[in-house]
Amino acid sequence: MIDVKDKNIIEIKKYIEETKGMEHSESYLIAVLHKVQGLFGYLDREIMDIVAEDMNIPTAHIWGVATFYHYFNLEPIGKHVVSVCMGTACYVKGGDKVLNALETELGVDVGETTEDGLFTLQEARCLGACGIAPVIMIDDKIYGDLDSKKAVDVINQYRKVAK
Amino acid sequence: MSEMITIFINDKEYQVEKGLTIMQAADKHGYHIPRLCYHPKLSIEGACRVCIVEVEGMKTYAASCAYPISEGMKIKTNTQALRSVRRDIVELILDNHPLDCHTCERDGNCELQRLAADMGIRTRHFEGEKKHYEKDISSESVIRDPSKCILCGRCVRMCTEVQKVSNLSQAHRGFKTVVMPAYNMDMKDSVCTACGQCINVCPTASFLERNYTDVVFKQLNNPDVIKVAQFAPSVRAAIGEAFDLEPGHNMEGQLVAALRKLGFDYVFDTQFSADVTIMEESSEFLDRVQNGGKLPMITSCSSAWMKCLEQFYPDLIDNVSTCKSPMSMQGALTKSYWAEKKGIDPKKVYSVAVMCCTAKKFEADRPELLVDGLKGVDNVITTREIAWMIKSAGIDFINIEPEKPDNPIGMSSGAGVIFGTTGGVMEAAIRTAYELYTGQTLVDIELDSIRGLKGIKEATLDLDGTEIRVAVAHGLGNAHDLLDIVRKDPTRYHFIEIMGCPGGCVGGGGQPYAQANSIPLDEDTLMKRAECLYDIDRKKTIRRSHDNPDVQKLYKEFLQRPLSKISHKYLHTHYKAKLPKGIIPDNLNF
């Protein structure tokens, strides 16, 4: 029985193989890293070693690219990603207070993942939902017109489902 | 003859070759534009902006290292506005740099310090947030201190483009950018080969060798140990530069005298063991040729190359000679043959090697080299470290009366001397192998085709009707290119010499920093150091390792013959594949 990790690795290796026939194949590194993150949720070192070897790109260079772009996660992320909008509209409507409340409730700082692995807390810059500011986004779902208490209530709904 | 065009520098008209950059054109006509991240052997980074100039018709300043000249171009290199902006740029770099020059190891030979003086920075106008990072002191050889880094990127380009090791890159971005190995792992655990070329090109103290001068001074004052030193061939050819001499002075006698004045009881010349290496290595080579052993045989003297081998070329480990390096042979013989002869307990011998090399520090610690549980070399110090120790002890190095090394493991042939430069080990090996194989003495012993700074050098020899094809590479980048050929065509060569540093040991990672009027790894300097060694060789009566009477005595009294069981115990070893695995890209355009 082949596990999910092995299956994902096979998919990444296949994708790298596909890029090899293309012009400037070495410039597909970012695309490959996106693929890794898409499958694993973050850039695992073991997988980056595989990418380095298969693409024949030094690991230090891959690390340079992976750390340059904020989009790439270098640590495992939680089951749900909570993005708190800190864009102008949300900020003036109390986005910072929502963020503080969530930091306290979840016991993590921005960029960190809760101990139970359920949530990763992130900041976002304008999610395009200014009309219902302040907003948070959990995975790809938007929650608006929040205050500290309402935001914690949303988190509790996810906790309930997870149980 | 390339096409010439007319340009104007500071209102004066010049005819210059088309295709040059503004900086190159200005250099040719006596204008040294201030610079920092630029190095002629590395790609253009354009990171520091110190080399900016005014070009008529351009809205902004141009980075002269990167900007090509064009017909009629009017360039100003030293206007009041430029001077002011350049000074601001350097001040901003200084602002994010520790203010600890007086306690810094590079004090007095720091390029940033020199630049600040050239810019006339006397007051500091900016004061902002400074970066603070932990030093990485994990490696036996290379210390990384990101707090001192000004992000010029020379180390990254050296490691990637010249050495093709690619251990370093710039990670993160903006204010948080740091030069580091992959995953911010310790240097010790990385693919770093310990060559120390990052130290050579660093303009500040962001990379330094692990300094053992304190330990050595302490032991020199320990009455319970016998203090023994050895020094490598290329140290004598370069150490004068640390005392402001022109490159290429042979300071062998002064170095021996200074080591004795520092308190060493016995001073040996590593060149003696270079001769022993040749006895063993040429015998091993001939054995492989005659008995169908693994070919091509590759030399094993260079410590950076040996670490590189384990991580980048595990498939070629059997091709590499089992000989230890001359330093490790000298250490092993000191604590066996010599100690026994002297009636000294080898455990009481404190053995120091003075090397041009940072990787030798790592080598000395290798468990593979222990004999009866004893390290042959207890501490390795670089040319830079010994120069500092000599200055610190107040020894008048330049005017000191030259002395000779101790015997019976201190005298060397000319073949042992040229070990310090690219092609030298091969040339020395051929001098002996020819005679061992043919029974005749090789008359024309100077092999010009494998001398000099060409990246890969080749020669074909006739050993009594047997054609032997040899190749030589210096610097790990050239070695990678050569080994690429070997992997594709394993029968092309019989014997290969690899030295990890540009120019061989003369360009080692532990050699004196570039002088104020020079640049790191300047080719002219490397050539002068090499010529110094060739000159010593020419002046020797004995120029072949097997003619060295002390070497003959060593075999008669102790080792019996090359490749004997005793030789294997003390002078040979085996290496094995190690992780993380090194990756050599097909091209550097990623």
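Modeller: I start with strand 10 (residues 226-231) and strand 11 of chain B, which are parallel and joined by four bridges. Strands here are DSSP runs of E of at least two residues, and helices are runs of H or I of at least four, both numbered from the N terminus. Two strands count as paired if DSSP finds at least two bridges between them. The model is predicted, and local features need pLDDT of at least 70, side-chain atom pairs count only at pLDDT 80 or more, while totals for chains, interfaces and linings use all residues. Residues are numbered from 1 along each chain as its sequence is written, and chains are lettered from A and ligands numbered from 1 in the order in which they are written.

Within this pair, B:Phe231 faces B:Asp269 in strand 11 of chain B. The pair belongs to an open sheet of four strands in chain B, in the order 11-10-13-14 and with parallel pairing. Strand 11 and strand 14 (379-382) of chain B form its edges, each pairing on one side only. From one strand to the next the twist averages 25°; axes are lines fitted to C-alpha atoms, for helices over the stretch in contact, and angles run from 0 to 180 degrees between N-to-C directions.

Buried means 20 or more other C-beta atoms within 10 Å of the residue's own, exposed means 12 or fewer, and partly exposed lies in between, with C-beta atoms placed from the backbone.

Helix 11 (residues 326-342) of chain B lies across strand 10, strand 11 and strand 13, at about 155° to strand 13. Helix 13 (residues 383-392) of chain B touches strand 13 and strand 14, and its direction makes about 85° with that of strand 14.

Nonpolar side chains tend to be buried together in soluble globular proteins. The largest nonpolar core has 187 residues, and those with the most contacts inside it include B:Val354, B:Met355, B:Val235 and A:Val51. Such a core is a set of buried Ala, Val, Leu, Ile, Met, Phe, Trp, Tyr and Cys residues joined through C-beta atoms within 7 Å. Leaving out neighbours within four places in sequence, B:Met355 is in contact with residues including B:Ala232, B:Val235, B:Met327, B:Val380 and B:Thr382. Contact means that the C-beta atoms of two residues, placed from the backbone, lie within 7 Å.

Chain B also has an open sheet of five strands, ordered 2-1-5-3-4, with mixed pairing. Its edges are strand 2 (12-17) and strand 4 (62-63) of chain B, each with a single partner strand, so one side of each has no neighbour in the sheet. Strand 1 (residues 4-9) and strand 5 (residues 74-76) of chain B run parallel, joined by two bridges, and B:Phe8 stands opposite B:Lys74 in strand 5. Helix 2 (residues 80-95) of chain B packs on this sheet, touching strand 3 (52-55) and strand 5, at about 155° to strand 3.

B:Gly19 sits in the loop between strand 2 and helix 1 (22-28) of chain B. B:Gly19 is exposed because 12 other C-beta atoms lie within 10 Å. Not counting residues up to four places away in sequence, B:Gly19 touches B:Ser2 and B:Pro68.

An automatic or database assignment divides chain B into domain 1 (4-78), domain 2 (94-209) and domain 3 (214-571). Eleven residues of domain 1 of chain B are in contact with 13 residues of domain 2 of chain B.

Finally, the other chain. Chain A has seven helices and four strands. 15 residues of chain A are in contact with 16 residues of chain B. Helix 4 (59-68) and helix 3 (45-55) of chain A each supply at least two residues of this side, and helix 4 gives the most, with seven.
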